[in-house]
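Colleague: Could you walk me through how to read the packing of helices and strands in a model of this kind, taking one feature at a time?

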Amino acid sequence: MSARPASRRPFFADNPSVLIFIAALGVFTALATILSEGFGLGLLSTSLVKTLGKTLCLCMIAIAMDLVWGYCGILSLGHFAFFGLGGYMIGMWLMYARTEDIVAESLANAPIPPTEQEVVDAIGVQIFGVVGSSEFPWIWTFADSLALQLALVVLVPGLLALAFGWLAFRSRVTGVYLSILTQAMTLALSLYLFQNDTGLRGNNGLSGLQNLPGLDDTPQSVVSIWFLWASALALGLTYLFAAWLVSGKFGSVVQAIRDDEARVRFLGYPVEHFKLAVFTLTAVIAGIAGALYYPQAGIINPAEIAPIASIYLAVWVAIGGRGRLYGAVIGAAVVSLLSTWFTGGRAPDIPLGFYTIQWVDWWQVLLGVGFVCVTLYAPKGLGGLVDLLVNREIALPGRPAKRSETVGDARPEPSET
Amino acid sequence: MGALLQVDDVFVSFDGFKAINGLSFVIGTPELRAIIGPNGAGKTTMMDIITGKTRPDSGDVLWGEGGASLLKLSESRIAQIGVGRKFQRPTVFGAQTVRDNLLLSLKSDRSPLGALLFAETAEDADRIEALAEEIGLKDALGRPAGALSHGQKQWLEIGMLLAQDPKLLLVDEPAAGMTPQEREHTTELLKQAATTRAVVVVEHDMEFIRRLGCRVTVLHEGSVLAEGSIDHVTQNQQVIDVYLGR
């Protein structure tokens with residue numbers, strides 16, 4: 001009946017959500033493009049297009065979080081560190097190349113053509129003047145190369161996750177202790193970046209990232225759509241990759257680790273290696289998501305990777321429903337867009353006579369109550385609603401729904417030997 | 001019958017309590033062996049040591065013809081070279097289907113990369129069918145393992161162990177909580193498995209052990225008290241005093 005046939009079916013037959021998701025993402029992107037200022041009717045403001053593009057990036061890191069937490073059972077509260085690092089890596093190139101353009105322009109009319117060193121010095125003054133310096137720190141060694149900084153978008157979060165994960169998993173740190181360690185990691189990184197000595201402009205962070213070097217004549221309304229496309233493509237590929245990952249044997253092992261780690265060990269699987277692989281892989285996904293997010297945000301500073309950001313990420317995935325990829329996407333999209341709406345000052349205040357509820361302050365309370373309610377009453381989250389609908393569909397043509405398959409009705413006869 | 005596993009003068013203490021106290025025994029292959037003993041005799045600790053979960057304070061555990069020590073290997077490595085363990089409480093992966101549970105246990109490359117690139121062959125499918133037939137779960141392959149009855153879970157777990165194709169099978173109280181019919185089936189499964197490998201059964205239930213009809217080792221306070229046929233050990237005065245007489 002609804003039992004899965006014994007042999008493996010084609011990937012998309014087993015994962016109908018992938019095609020539905022990619023179709024929905026395509027329709028969404030096309031609609032946004034048609035309604036945008038840059039390419040269409042102009043009904044969507046450029047800032048709204050940017051918000052949507054950023055939301056797609058947040059959905060991407062939510063998938064990473066779902067893989068590591070919902071599927072592998074590692075409650076990482078540090079994945080925004082990797083997201084931020086991805087942003088910093090691409091931000092360094094954007095800032096350097098853009099400043100280089102400006103400096104070249106302003107020095108073009110100088111009576112004597114500037115030497116290479118003078119150009120670099122001028123860039124240094126432009127970028128680091130704000131922290132009282134003009135020297136390029138070693139961190140910026142590759143900032144003039146887009147290719148190398150793109151490689152660092154993957155390598156820096158990946159290597160940090162690899163080193164951190166290797167130390168933590170090898171010592172069999174699990175559960176809440178691991179969560180605390182990941183919080184410590186993101187806090188330490190944030191504090192490190194806050195320092196001017198680190199060389200990433202301290203609390204000023206990197207700014208002007210929305211301006212693409214060499215494209216001064218292209219309006220933001222067009223650039224924002226480009227980034228929307230890039231984010232949609234990256235999200236689609238991430239979803240496809242994640243679905244492939246969890247549907248195969250690797251996914252089977254990973255979910256088994258979530259449910260009973262010791263048992264998996266006695267089956268002969270090196271549990272720590274699997275955890276490390278998932279942790280590192282999701283850190284890389286988070287890094288790429290960050291590299292797409294911050295050019296749309298325009299600015300990145302160390303506050304972005306404060307511990308609270310990673311906790312929000314866990315809240316999104318919990319509200320959306322962990323252990324299902326679309327749940328993570330729905331959770332991240334709904335909660336982050338609601339958050340933007342409530343904290344953007346556009347949500348109407350509620351006057352109670354003696355007190356006025358202002359959503360800018362009260363949104364977090366609402367989110368907290370929502371989180372508690374979902375945890376208590378709908379542990380499958382918003383994604384569980386999708387299941388409910390799908391099961392009803394199955395039940396419609398006069399067949400019992402999946403639920404009817406209950407315990408013990410197929411008890412085999414003991415064999416007589 | 002060559003020696004497969006040799007536990008040699010092993011000592012373990014937890015906070016001063018001597019859980020294992022000079023334990024030595026040898027398991028051959030193929031062999032069916034029952035290990036009995038009162039609570040606290042060290043049965044579970046003994047299995048923890050063999051499977052690498054607990055490290056002994058002294059002594060050695062030797063494996064196979066070459067007599068390599070198991071003590072330096074990780075749990076997963078010990079499982080890979082052929083030690084399978086069944087826990088007292090059936091531990092199957094409830095969220096996954098019976099089929100996926102068996103596939104997970106089937107011999108294969110255990111590394112993450114191996115799992116990532118794994119493609120099921122027709123041979124694997126046949127093996128799963130055969131195992132499901134053997135453990136009486138052929139019709140339940142597509143069901144989530146969490147929806148099985150207690151006895152079915154026990155069999156699934158035995159099936160998973162057989163899928164691992166271990167050289168040594170450690171089974172902790174396989175008959176606990178089973179109906180008489182289920183016990184009979186379990187006895188057959190274990191006897192069958194012991195024709196090609198070593199099977200060590202830890203059990204409380206004398207009747208069940210009598211039905212296995214194998215050599216029995218009696219543990220007491222972390223060391224071997226007596227060893228021999230069931231009739232031999234049940235007539236041993238010391239065994240009667242510490243265990244049977246109560």
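Colleague: Which strands does helix 1 of chain B lie across, and at what angle does it run to strand 2 of chain B?

Modeller: In this predicted model, local features need a pLDDT of at least 70 and side-chain atom pairs count only at pLDDT 80 or more, while totals for chains, interfaces and linings use all residues. Residues are numbered from 1 along each chain as its sequence is written, and chains are lettered from A and ligands numbered from 1 in the order in which they are written. Helices (H or I, at least four residues) and strands (E, at least two) are DSSP runs, numbered from the N terminus; two residues are in contact if their C-beta atoms, placed from the backbone, lie within 7 Å; and axes are lines fitted to C-alpha atoms, for helices over the stretch in contact, with angles from 0 to 180 degrees between N-to-C directions. With that in hand, helix 1 (residues 43-50) of chain B lies across strand 1, strand 2 and strand 4 of chain B, and runs at about 65 degrees to strand 2. Helix 1 of chain B also lies across strand 3, strand 6, strand 7 (168-172), strand 8 (198-202) and strand 9 of chain B, running at about 150 degrees to strand 7.

Colleague: What is the strand order in the open sheet of four strands in chain B?

Modeller: In general, the side chains of a regular strand alternate between the two faces of the sheet. Pairing itself is a matter of bridges, since two strands pair if DSSP finds at least two bridges between them. Here the open sheet of four strands in chain B has the order 2-1-4-5, with antiparallel pairing. Strand 2 (17-29) and strand 5 (68-69) of chain B stand at the edges with a single partner strand each, so one side of each is left without a neighbour in the sheet. Strand 1 and strand 2 of chain B run antiparallel and are joined by 10 bridges, with B:Leu5 having B:Ile27 in strand 2 as its bridge partner. These two strands form a hairpin with two residues between them, and B:Asp15 in the turn has a positive phi of about 50 degrees. Strand 1 (residues 2-14) of chain B also pairs with strand 4 (residues 58-63) in the antiparallel sense, over five bridges, and B:Val7 stands opposite B:Val61 there.

Colleague: How many strands form the open sheet with mixed pairing in chain B, and in what order?

Modeller: Six strands form that open sheet of chain B, in the order 6-7-8-3-9-10, and its edges are strand 6 (83-86) and strand 10 (223-228), each with a single partner strand, so one side of each is left without a neighbour in the sheet. The twist averages 20 degrees from one strand to the next. Strand 3 (residues 31-36) and strand 9 (residues 215-220) of chain B run parallel and are joined by four bridges, B:Ile35 having B:Thr217 as its bridge partner in strand 9. Helix 6 of chain B lies across strand 6 and strand 7, running at about 175 degrees to strand 6.

Colleague: At what angle do helix 3 and helix 11 of chain A pack, and how far apart are their axes?

Modeller: Two packed helices are described by the angle between their axes and the distance between the axes. Helix 3 (residues 46-71) and helix 11 (residues 271-297) of chain A pack at an angle of about 170 degrees, with their axes 9 Å apart. They are therefore roughly antiparallel to each other, on a scale where angles under 35 degrees count as roughly parallel, over 145 as roughly antiparallel, 65 to 115 as roughly perpendicular and the rest as oblique. By class, their contact has 15 nonpolar, three polar and two charged residues, where Ala, Val, Leu, Ile, Met, Phe, Trp, Tyr, Cys and Pro count as nonpolar, Asp, Glu, Lys and Arg as charged, and the others, Gly among them, as polar.

Colleague: How many residues of chain B are in contact with chain A?

Modeller: There are 41 residues of chain B in contact with 34 residues of chain A. Several helices of chain B each supply at least two residues of the side that touches chain A, among them helix 6 (150-164) and helix 7 (180-193). The residues on that side of chain B divide into 14 nonpolar, 16 polar and 11 charged.
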